[in-house]
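Here are a few friendly notes to go with the model. Please keep the structure open while you read.

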Amino acid sequence: MSHPAPSDRTPLDELQASLASLAYLMSGSRTHTRLRSEADVTVDRAALSLLRELAGASAPLRMGELAGLLHVKAPHVTREINRLEARGLVETDRDPGDQRVRRATVTENGREAVARAGATNRQWLAGAVDGFSPEELRTTAAVITRIVGTYRAYD
């Protein structure tokens, strides 16, 4: 499929291209390598995503719940949780309602890694949006939040 010439781009084409570039840059391996160095985070991208979800959860999460939040298969989550638990970044227990099911919780060390990564990301973002007004930032955040909500609804 060919891409429209820049002069033929619709606003939707421009938005899609911008969001795709942003997503690629923010989640790419080079960015994560830099993040690992600057924030002293020793986990890979997949593990950091799991830690972020757990750190933001108000209660322990089942493997299936984590898989759904991350749009991956449960066995992948189980393997990552086992690795993170071995490193002391996550703890697991049995679900009181179903002893066959494990639930995961982030440990203080895991929470600290997420906090360091978040602080570094906020610092980078602050530099990227320097000069934008608070209203521009709120509007941009609101638009992206609506888009994300719609994409999540497709699942």
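**Notes on salt bridges, sheet and surface**

1. Arg34 is partly exposed, at a relative accessible area of 43% (buried means under 20%, exposed over 50%, partly exposed in between, with a 1.4 Å probe and protein chains only). Its partner in a salt bridge is Glu38, at 2.9 Å from N to O (a side-chain nitrogen of Lys or Arg within 4 Å of a carboxyl oxygen of Asp or Glu). Glu38 is also partly exposed, at 45%. Helices (H or I, at least four residues) and strands (E, at least two) are DSSP runs, numbered from the N terminus.

2. A word on the source: this is a predicted model, in which local features need pLDDT of at least 70 and side-chain atom pairs count only at pLDDT 80 or more, while totals for chains, interfaces and linings use all residues. Residues are numbered from 1 along each chain as its sequence is written, and side-chain values use heavy atoms, leaving out hydrogens and water.

3. The sheet is open and has three strands in the order S1-S3-S2, with antiparallel pairing (two strands pair if DSSP finds at least two bridges between them). S1 and S2 are the edge strands, each pairing on one side only. Helix H3 (residues 45-56) packs on this sheet and touches S1, S2 and S3, and its direction makes about 95° with that of S3. Contact here means heavy atoms within 4.5 Å; axes are lines fitted to C-alpha atoms, for helices over the stretch in contact, and angles run from 0 to 180 degrees between N-to-C directions.

4. Strand S1 (residues 61-62) is joined to S3 (residues 98-106) by two bridges, with Leu61 opposite Ala104 and Arg62 opposite Arg103. S2 (residues 90-95) pairs with S3 over six bridges, and a hairpin of two residues connects them.

5. Which residue forms a salt bridge with Asp95? Arg62 does, with the closest N and O atoms 2.7 Å apart. Asp95 lies in S2 and Arg62 in S1, so the pair ties together parts 33 residues apart in sequence. Asp95 is buried at 10%, whereas Arg62 is partly exposed at 32%.

6. Asp93 forms a salt bridge with Arg103, at 2.9 Å between the closest N and O atoms. Arg103 is buried at 18%, and Asp93 is partly exposed at 32%.
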